[in-house]
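I set aside some time to go through this model and write down what I looked up. The entries follow in order.

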Amino acid sequence: MIQFVLLISRQGKVRLTKWYSPYTQKERTKVLRELSGVILARGPKLCNFVEWREYKVVYKRYASLYFCMCIDQDDNELEVLEIIHHFVEILDRYFGSVCELDLIFNFHKAYYILDELLIAGELQESSKKTVARLIAAQDSLVETAKEQASSISNMIAQATK
Amino acid sequence: MNPFSSGTRLRDMIRAIRACKTAAEERGVVRKECAAIRAAINENDNDYRHRNLAKLMFIHMLGYPTHFGQMECLKLIASAGFPEKRIGYLGLMLLLDERQEVLMLVTNSLKQDLNHSNQYIVGLALCAMGNICSAEMARDLAPEVERLLQFRDPNIRKKAALCSIRIIKKVPELAENFINPAAALLREKHHGVLITGVQLCTELCKASEEALEYFRMKCTEGLVKTLKDLVNSPYAPEYDIAGITDPFLHIRLLKLLRVLGQGDEDASECMNDILAQVATKTESNKNAGNAILYECVATIMSIEDNGGLRVLAINILGRFLSNRDNNIRYVALNMLMRAITVDAQAVQRHRATILECVKDLDASIRKRALELVYVLVNESNVKPLTKELIDYLEVSDQDFKGDLTAKICSLVKKFSPEKIWYIDQMLKVLSEAGNFVKDEVWHAVIVVITNSPDLHGYAVRALYRALQTSADQETLVRVAVWCIGEYGDMLVNNIGMLDVEDPITVTESDAVDIIEIALKHHTSDLTTKAMALIALLKLSSRFPSCSERIKEIVVQYKGSLVLELQQRSIELNSIIAKHQNIRSTLVERMPTLDLLEWEEKQSGSIPNTTGSTPAHASINIPNGVAKPSSAPLVDLLDLNSDDVPAPSSSGGDSFHGLLDIDLSGAPKQSGVNHSPNNGTDALMDLLSTATPTQSRSAISDLLNSGQDNKTPVSPLEVLSSPSSNSIQPTSSAGAIDLLDSFATNSPIQENNGPAYPSVVAFESSNLRIGFNFSKLPGNPQTTIIKATFTNLSPSVYTDFIFQAAVPKFLQLHLEPASGNTLPASGNESITQTLRVTNSQHGKKSLVMRIRIAYKMNNKDVLEEGQINNFPQGL
């Protein structure tokens with residue numbers, strides 16, 4: 001099971017955190033500090049796994065971002081690397097060549113995508129296309145609602161002019 | 001004007017935060033935003049609620065407190081529209097977790113949304129539930145989720161399946177309800193549903209034996225067929241990764257097959273073919289393929305024996321191990337660890353490669369490899385492997401040395417074929433990484449050396465040489481200092497030369513030099529310095545010619561700011577100056593310590609650690625020297641209660657005695673325990689490191705925990721009744737003289753003060769506790785209570801522990817009990833001394849709450865009570 005997912009920038013800034021096991025705010029801060037210290041310090045040629053407490057952290061660097069997933073001892077580390085890559089590809093498709101700024105300003109979108117990919121720390125969908133389709137459908141629901149709202153508020157605005 | 005652009009937008013806030021140059025500036029911006037959001041919350045602003053929550057999530061991610069926004073999530077979730085719900089659920093998952101009470105409030109909304117007509121809203125609710133639901137919610141909503149496992153849209157079914165995993169983890173007894181719907185998911189074609197269904201089944205198997213049996217019977221064949229179809233499926237662009245169709249599904253299927261095959265021959269038999277196919281056909285040039293192979297190997301290793309498949313699996317691991325990719329090597333090491341229980345021989349074949357991995361640049365790989373090497377070592381290969389590891393110790397990273405040293409020490413101890421080899425290896429480790437060696441390890445080295453009389457000379461000479469080059473390794477210095485103190489004469493005269501040694505020329509003053517250096521070296525800590533002082537004392541007797549010089553060195557510490565050193569210096573100085581006649585007896589060579597007995601003590605089987613262990617610890621800490629805390633008290637007593645033990649023959653005296661880091665503060669202060677002709681007693685006193693501050697507690701610890709001393713009495717009584725112990729009052733004058741600086745204490749204290757009647761403090765059908773009271777003269781506040789526990793039942797009590805608690809105005813100190821086994825029918829009793837200090841003496845009387853735990857016929861019994869019948873005036 002994936003215990004948590006972290007996105008950390010090369011400067012150690014947190015871009016996304018998703019906790020599938022309960023950690024208090026204090027523990028979260030501690031975990032983040034500990035792990036970013038360990039992972040950011042590792043050289044480029046080393047393996048992508050770090051043993052941490054009773055877990056393992058699988059991380060992979062994409063441009064300026066480190067994608068980290070913390071897993072149980074007997075989980076398949078190589079598969080988790082594939083899951084990370086799967087996630088990155090979906091982000092890439094959604095944002096169109098994703099960059100760190102996309103994830104900063106649209107952090108909620110990144111969360112929505114992650115929620116279509118993982119639930120309860122387990123993999124939900126192995127098809128990138130399906131994820132993209134589900135996200136698009138929900139985005140369009142939001143758009144329609146927004147348009148309706150703005151057209152109503154325009155009407156109100158005009159009526160009260 | 002568009003209302004969506006008024007106020008600061010999310011985007012603007014993020015920009016503003018990013019523009020901040022300092023942390024203080026950022027805090028300022030966040031504070032302003034939070035204030036605005038709080039204001040909006042108070043006004044119950046509806047229009048911007050979702051935007052405010054989005055801002056809060058960002059602020060939360062930066063690590064600021066956002067609890068005030070939790071209720072906003074609930075409001076958004078309760079609103080009707082999809083956009084509000086979407087952001088509301090996201091906020092819920094980010095800002096809350098299962099432990100917050102607020103979460104319960106969402107149960108109702110969740111229930112409604114799980115039944116919503118819009119499938120996306122159902123999806124949101126399932127997702128939130130799967131990620132953060134608590135056990136209580138899981139129980140309430142399980143029927144909804146169960147129903148959704150059959151929902152028409154596959155995307156809901158898959159979410160419901162994962163949500164069920166969470167429910168089962170939280171409430172395992174719900175597992176049975178999910179067995180049938182989960183089995184139905186295994187027949188699906190949709191990959192998402194299939195993958196989640198397989199995961200749900202795996203989880204069910206872990207949670208319930210019944211589920212495991214069911215799936216094993218009904219689904220094994222179907223799963224094998226699904227995997228077969230998947231392996232042979234044509235190119236499917238939607239699921240293709242590096243030429244393989246859906247490696248995720250591959251892996252999940254293999255994992256479930258592993259669970260089903262484990263411990264069941266029929267199921268294992270059924271999956272043999274497909275496992276062989278996966279193991280041989282999967283492409284291993286990409287990560288995805290390797291991930292499948294890795295999972296497949298794990299499954300082969302776990303299911304019931306099939307020789308052919310295992311060979312295949314070990315070969316795959318061998319290939320992995322020689323891969324250039326670090327990730328692959330890492331997982332190979334990881335898996336070999338599991339394979340070793342299955343086929344140790346096959347793993348041994350890769351020993352050389354694994355040993356190389358110990359030296360890898362990558363800390364993760366090194367760690368794995370070291371653990372693997374550790375389990376690979378046996379009697380036949382310990383020498384070459386240890387050599388490799390020790391050689392590597394020289395060049396390894398600082399952070400890795402701790403782990404490596406611990407492993408080497410443990411291996412050398414476990415497999416050493418002969419003592420000389422052990423000593424050699426440990427000396428190498430001490431010289432290379434002495435600072436990483438744990439206390440018990442260097443203690444063990446000394447014990448082994450004392451136990452090998454023919455190697456004393458060899459060891460001390462080797463240590464002397466090592467000290468020349470590695471004087472910065474603290475533990476090496478300690479061992480060397482101790483050995484030079486003990487065997488200095490052998491060092492100087494080259495006694496007991498082995499053939500393999502080169503003779504060295506060391507003069508007596510060289511030996512003193514090196515100890516002096518250790519004593520004065522700036523990195524030496526208190527323990528080392530204290531040990532060096534003792535070593536000097538020993539040398540002063542062994543090398544009469546250096547006696548004057550040693551005295552001068554010792555005297556320098558008379559003014560030391562460290563109490564410990566000052567005290568030792570004064571004591572040792574008076575021995576050197578005034579007691580020539582007994583000195584040589586005092587510093588006789590330490591008797592050998594029984595290795596087995598010592599190891600037992602190390603492993604923690606200390607007889608008298610009943611409810612009062614904290615007392616030991618608190619005594620030991622200020623001393624700073626006696627780190628292994630509980631053993632010494634018991635050890636000391638061996639010395640103490642043997643009437644006239646000849647130093648060379650008393651096998652029971654402890655290693656701590658040997659190291660003279662005991663804390664026998666007592667005799668000095670009581671002043672009754674000295675007898676110049678009783679070598680061991682005096683030795684113990686003289687070498688003790690107790691500080692004057694620890695007084696009474698140490699005495700009673702010391703006396704009460706004696707093995708020969710079955711019915712210990714309160715310290716006072718002990719002091720005043722010498723016959724009950726090995727105390728020889730006639731010699732007290734000598735002792736006072738010996739330690740003139742402490743002679744002010746009157747050695748025998750009167751047992752005075754008013755007498756108090758004894759009471760029966762507690763009586764139940766099984767147990768009676770009697771209290772005897774006495775007071776310390778000149779200290780009316782403190783009462784010494786001697787508790788006597790008597791067993792009234794016909795069964796023996798074991799693991800007897802007495803605990804007591806007192807109100808704040810009292811201070812309670814429990815001494816160790818005389819034992820923890822209480823024989824049946826009041827044949828014998830346990831006694832324990834309590835010291836109670838009443839800060840409100842004269843105003844309030846004593847009161848105490850007690851708890852007694854013991855085992856009767858191997859059953860735990862707990863008794864509790866309150867004692868109010870203390871005599872007045874305590």
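At what angle do the axes of helix α28 and helix α30 of chain B cross? I found that the axes of α28(B), residues 526-542, and α30(B), residues 563-578, come within 10 Å and cross at roughly 5°. Axes here are lines fitted to C-alpha atoms, for helices over the stretch in contact, and angles run from 0 to 180 degrees between N-to-C directions. The two helices, α28(B) and α30(B), are therefore roughly parallel to each other (angles under 35 degrees count as such).

Notes on conventions. This is a predicted model, in which local features need pLDDT of at least 70 and side-chain atom pairs count only at pLDDT 80 or more, while totals for chains, interfaces and linings use all residues. Residues are numbered from 1 along each chain as its sequence is written, chains are lettered from A and ligands numbered from 1 in the order in which they are written, and side-chain values use heavy atoms, with hydrogens and water left out. Helices (H or I, at least four residues) and strands (E, at least two) are DSSP runs, numbered from the N terminus.

Entry: the α28(B)/α30(B) contact. I took contact as heavy atoms within 4.5 Å. From α28(B) the residues include B:L526, B:M531 and B:L537, and from α30(B) they include B:L565, B:L572 and B:I576. By class I have 10 nonpolar, two polar and three charged residues in this contact. Ala, Val, Leu, Ile, Met, Phe, Trp, Tyr, Cys and Pro count as nonpolar, Asp, Glu, Lys and Arg as charged, and the others, Gly among them, as polar.

Entry: α27(B) and α29(B). The axes of α27(B), residues 508-520, and α29(B), residues 547-556, come within 11 Å and cross at roughly 5°. I therefore put α27(B) and α29(B) down as roughly parallel to each other. Among the residues in contact are B:V512 and B:E516 of α27(B) and B:R549 and B:I553 of α29(B). The classes here are four nonpolar, two polar and four charged.

Entry: chain A against chain B. I noted 63 residues of chain A in contact with 69 residues of chain B. The buried area is about 6100 Å², and carbon and sulfur atoms give 56% of that; buried area is the accessible area (1.4 Å probe) that two parts lose on being put together, summed over both. On the chain A side, A:E51, A:L78 and A:F105 lose the most area to chain B, together 11% of what that side buries.

Entry: cavities. On a 1 Å grid over the protein atoms alone, a cavity is a set of points where a 1.4 Å probe fits but cannot get out, and lining residues have an atom within 4 Å of a point. Grid points are joined across faces, edges and corners, and a volume is the space filled by probe spheres set on the points. I have 10 cavities of 30 Å³ or more. The largest cavity has a volume of about 180 Å³. It is lined by 17 residues, with A:E116, A:Q138, B:G123, B:L124 and B:K159 the closest to its centre. In that lining, α7(B) gives the most, with five residues.

Notes: On a 1 Å grid over the protein atoms alone, a cavity is a set of points where a 1.4 Å probe fits but cannot get out, and a pocket is an open set with protein on both sides within 12 Å along at least five of seven lines; lining residues have an atom within 4 Å of a point. Angles under 35 degrees count as roughly parallel, over 145 as roughly antiparallel, 65 to 115 as roughly perpendicular and the rest as oblique.
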